[in-house]
Amino acid sequence: MKNIVVLLSGQGSNLQALIDACARKRVKANIAAVFSNNPEAYGLVLAQEAEIPAHVIDPQGFADRATFDAAMAEEMAQYQPDLVVLAGYMRILSPEFVALFAGKMLNIHPSLLPNYPGLHTHRKALENGDKEHGTSVHFVTDELDGGPLILQAKVPVFSEDTEEALAARVQTQEHTIYPLVVNWFAEGRLKMREGEAWLDGVHIPKQGYAAE
């Protein structure tokens with residue numbers, strides 16, 4: 001059974017979705033540990049409630065991003081991670097860290113990439129009058145939110161939507177598709193080869209698959 005290490009900075013709703021999916025055997029893997037750069041992250045509480053080792057590494061104690069990431073990678077090594085899952089991790093990762101886990105790190109982003117990399121995705125979708133919004137799961141590379149797409153889920157945008165309402169609708173889809181993709185990896189079905197995503201030996205289109 002593969003070991004997963006989860007990195008987070010906030011509420012941990014995607015962590016909870018993964019915990020629940022593991023308990024129901026929808027994800028056939030073990031969440032070995034959770035790491036956060038934020039000691040106030042509620043995701044740490046969720047990890048502790050699930051009896052998952054939870055670690056906080058404060059970036060203020062390090063000279064730069066690379067040094068911080070190296071220290072975190074050293075701490076993570078004790079759990080022998082087969083997969084690193086970013087679940088609302090709000091720090092940009094150093095190239096060295098990304099290279100260390102190349103092909104073994106996933107992220108979920110609250111937009112239909114390549115639209116709206118970075119922050120404030122729901123606000124941007126509303127300001128631009130988008131009719132559709134959504135979420136994307138992708139492999140992590142040096143390009144911010146730019147790694148090979150795996151799976152996307154779309155939601156409608158309504159004229160009366162607030163950022164909060166739209167975010168909640170997107171998050172519901174996140175909690176469905178992220179465990180699905182994590183399990184594809186856990187079962188050995190999902191791989192990254194030469195900068196592209198493959199599922200069951202079939203090249204995933206550049207735009208990723210669309211969740212039904």
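In this predicted model, helix 1 passes helix 6 in a right-handed crossing. The two helices pack with their axes 9 Å apart and at an angle of about 50 degrees, and because angles from 65 to 115 degrees count as roughly perpendicular and those under 35 as roughly parallel, helix 1 is described as oblique to helix 6. On the side of helix 1, the contact is made by Ser13, Asn14, Ala17, Leu18 and Ala21, while helix 6 contributes Gln171, Glu174, His175, Tyr178, Pro179 and Val182. By class, the residues of this contact comprise 6 nonpolar, 4 polar and 1 charged.

Both helices also take part in the lining of the largest pocket, in which about 1000 Å³ of space lies. This pocket is lined by 37 residues, of which Gly88, Tyr89, Met90, Ile108 and Pro110 are the closest to its centre. Two or more lining residues are given by each of helix 1 (13–23), strand 5 (105–109), helix 5 (121–127) and helix 6 (163–186), and the largest share, 6 residues, comes from helix 6. The lining of the largest pocket divides into 14 nonpolar, 15 polar and 8 charged residues.

The second largest pocket holds about 290 Å³ of space and is lined by 16 residues, with Gly146, Gly147, Pro148, Leu149 and Lys206 the closest to its centre. In the lining of this second largest pocket, 7 residues are nonpolar, 5 are polar and 4 are charged.

Notes: Residues are numbered from 1 along each chain as its sequence is written. This is a predicted model: local features need pLDDT of at least 70, side-chain atom pairs count only at pLDDT 80 or more; totals for chains, interfaces and linings use all residues. Side-chain values use heavy atoms; hydrogens and water are left out. On a 1 Å grid over the protein atoms alone, a cavity is a set of points where a 1.4 Å probe fits but cannot get out, and a pocket is an open set with protein on both sides within 12 Å along at least five of seven lines; lining residues have an atom within 4 Å of a point. Grid points are joined across faces, edges and corners, and a volume is the space filled by probe spheres set on the points. Helices (H or I, at least four residues) and strands (E, at least two) are DSSP runs, numbered from the N terminus. Ala, Val, Leu, Ile, Met, Phe, Trp, Tyr, Cys and Pro count as nonpolar, Asp, Glu, Lys and Arg as charged, and the others, Gly among them, as polar. Axes are lines fitted to C-alpha atoms, for helices over the stretch in contact, and angles run from 0 to 180 degrees between N-to-C directions. Angles under 35 degrees count as roughly parallel, over 145 as roughly antiparallel, 65 to 115 as roughly perpendicular and the rest as oblique. A crossing is left-handed if the near helix is turned anticlockwise from the far one by less than a right angle, and right-handed if clockwise. Contact means heavy atoms within 4.5 Å.
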